[in-house]
Amino acid sequence: MALQITQACVNCWACAGVCPNGAIAREIPHFLVDDQKCTECLGDYAEAQCAAICPIECAIVDEAGDPLNPPGSLTGIPASPV
Amino acid sequence: MDLPVIGNTAPAAGGGCSSGGCGAAPDALAHLPDHIRAKVQDHPCYSEEAHHYFARMHVAVAPACNIQCNYCNRKYDCANESRPGVVSELLSPGQAIKKVLAVAAAIPQMTVLGIAGPGDPLANPARTFETFRQLSERAPDIKLCVSTNGLNLPRYADEIARHNIDHVTITINCIDPDVGAKIYPWIFWQNRRIRGVEAARILVEQQQKGLEMLTARGVLVKVNSVLIPGVNDRHLKEVSKRVKAKGAFLHNVMPLIAEAGHGTYYGLMRQPEPTTAQLRELQDDCAGDMAMMRHCRQCRADAVGLLGEDRGPEFTLDKIDRLALGDIDYETALIRRKEVRDAIHGELRQKREQQQTLRREAGGAPHAPAAADHGIPAGTRSVLMAVAGKNGLVAEHFGHAREFQIYEASPGGVRFIGHRKTDLYCGGSATCGGDDGRPEAALDKTVAALAGCEVVLCSKIGYEPWNKLETHGIWPNGEHALEPVEDAVLAVYRELHANGKLALPATERQAA
Ligand code: SF4
Ligand code: SF4
Ligand code: SF4
């Protein structure tokens, strides 16, 4: 059970600083979650910390590949802006 | 040249004239208490005079952010703090310390080191404070400064007070959470993402508390606000009053930058940017409440060296990485740095005394720049000039300028007003449709962007734009290439005066 970081990631370091398990590492071309260490924050916090601070929609996904922050959910920018 | 250049501030009292143009502007720093005045008057960021002599630099050690602003796209660096000088290269604290010491040893005039991003320094406390801690130890003669969105400020106020931190800049765009909800979609607070009015309420609370805690600890605080028309424009006057009451020593209002090409919420949603007139009106309104700093955006956060030079290429990351900390002889540098600083302070003091004597002789108050200083009678009308500048010099080709700096020349001196952008080439944004890509269309836009200006100063200009500008009553001038901007503006103002151009109202002259 682990979250994953996608190529939408902009390498801003925010998630790495808040992960309670030190599960996020800087890699090229983008940050990655160590699926051996990630607990999805269960037992530590109500929200997955990386997904709660990540500013980029669709950068963090669950095992099914669904984004924790879907398009529009962080910026309020609609899919096709006016 | 010993010419008055009005500092960063607008006059405290406007006797019927909307700006500093009435020749009765009090000394830019006169309103400040003595101990703050002493700190500020030779400060490269706050003293127009000192920033010709001293240099400052930024290190990008703080990538993460804990809030979202609607004018920021995190794919790029912090929009409100470091544009146009976008800091590009992320440094580790170790790299940052080596770089700062190497620069300080090579350029003794480098006296201020800032951490402003690319994210929020206090959302990266370990990196930020490691950098500050080592620098206060190894280079006690460097002033440190930090900019923050304020969310984590109360938590780190004590730590900030412990280091050699000269001043803190807080970006405060509102004190009303309902206004804030239109600026900040979310914050990360106590391990949760919080949205809407609730998020704004927490942010506002923390910013205000942080401001109080810092001033109570004797740390200088400057407040920046981004002017967002229709969102916080009316509200900012209140903000200005409140932050002043809490002890901020400067309030700096900056125009929103919202271009679709930047991919920000405001950019994509076509949130209008303030017009120059709106910005000026607000800066003038707030000036009665508090000193405003207008030349702020001239600073180049990414440049290393004095005004007009960039020695950045001497200190690239690979050069820094090849350097060992032990290679830098800071002991010797400390002595040399002090000598250089003392010499500059002596020169500045002498200049100030000379000016005060001149003013006294001219019958003015010791701090008031008298019109007689440069021979233009008080009451002469002011003139707006656009400058294609680079690093504080008139150095850009008209056709290459993506942005013009607007200056106001008046009998009181020269004052920076703001920036105006031009659309040189198609930016790939939503505005890029067919005809807009033509050079003539771009030129039309530039001319429109320069409305209200009577002169354009640039290093060179082509024949066609020259004619076009002239038909619009704007006088192109390429005679001051590579001169410091303020000196050039003043020289042109004097020339206009000498030719009798200032006797006519701007509109008549332009029609003539
Ligand atoms: S879900 Fe929690 S444990 Fe997993 S990577 Fe994110 S912050 Fe770390
Ligand atoms: S917070 Fe998001 S964008 Fe930033 S490094 Fe982590 S995954 Fe990438
Ligand atoms: S605080 Fe700065 S980095 Fe963070 S979202 Fe706002 S503008 Fe961007």
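Analyst: Glu130(B), Arg133(B) and Glu137(B) are joined in a salt-bridge network, where a salt bridge means a side-chain nitrogen of Lys or Arg within 4 Å of a carboxyl oxygen of Asp or Glu. Bear in mind that this is a predicted model, with local features needing pLDDT of at least 70, side-chain atom pairs counting only at pLDDT 80 or more, and totals for chains, interfaces and linings using all residues. Side-chain values use heavy atoms, with hydrogens and water left out.

Over all chains, the search comes up with 12 salt bridges. One of them pairs Asp158(B) with Arg217(B), closest N and O atoms 2.7 Å apart. Asp158(B) sits in helix α5 (residues 153–162) and Arg217(B) in the loop between α7 (196–216) and β8 (220–227) of chain B, so the pair ties together parts 59 residues apart in sequence. (Helices, H or I with at least four residues, and strands, E with at least two, are DSSP runs numbered from the N terminus.) Asp158(B) is partly exposed at 43% relative accessible area, and Arg217(B) is also partly exposed, at 35%; buried is under 20%, exposed over 50%, partly exposed in between (1.4 Å probe, protein chains only).

Then there's Asp342(B) with Lys338(B), at 2.7 Å, N to O. These two are 4 residues apart in helix α12 (residues 330–361) of chain B, about one helical turn.

Glu454(B) and Arg381(B) also form a salt bridge, with closest N and O atoms 2.8 Å apart. This pair links distant parts of the chain, 73 residues apart, and both Glu454(B) and Arg381(B) are buried. Between chain A and chain B, the salt-bridge count is 0.

Notes. Residues numbered from 1 in each chain as written. Chains lettered and ligands numbered in written order.
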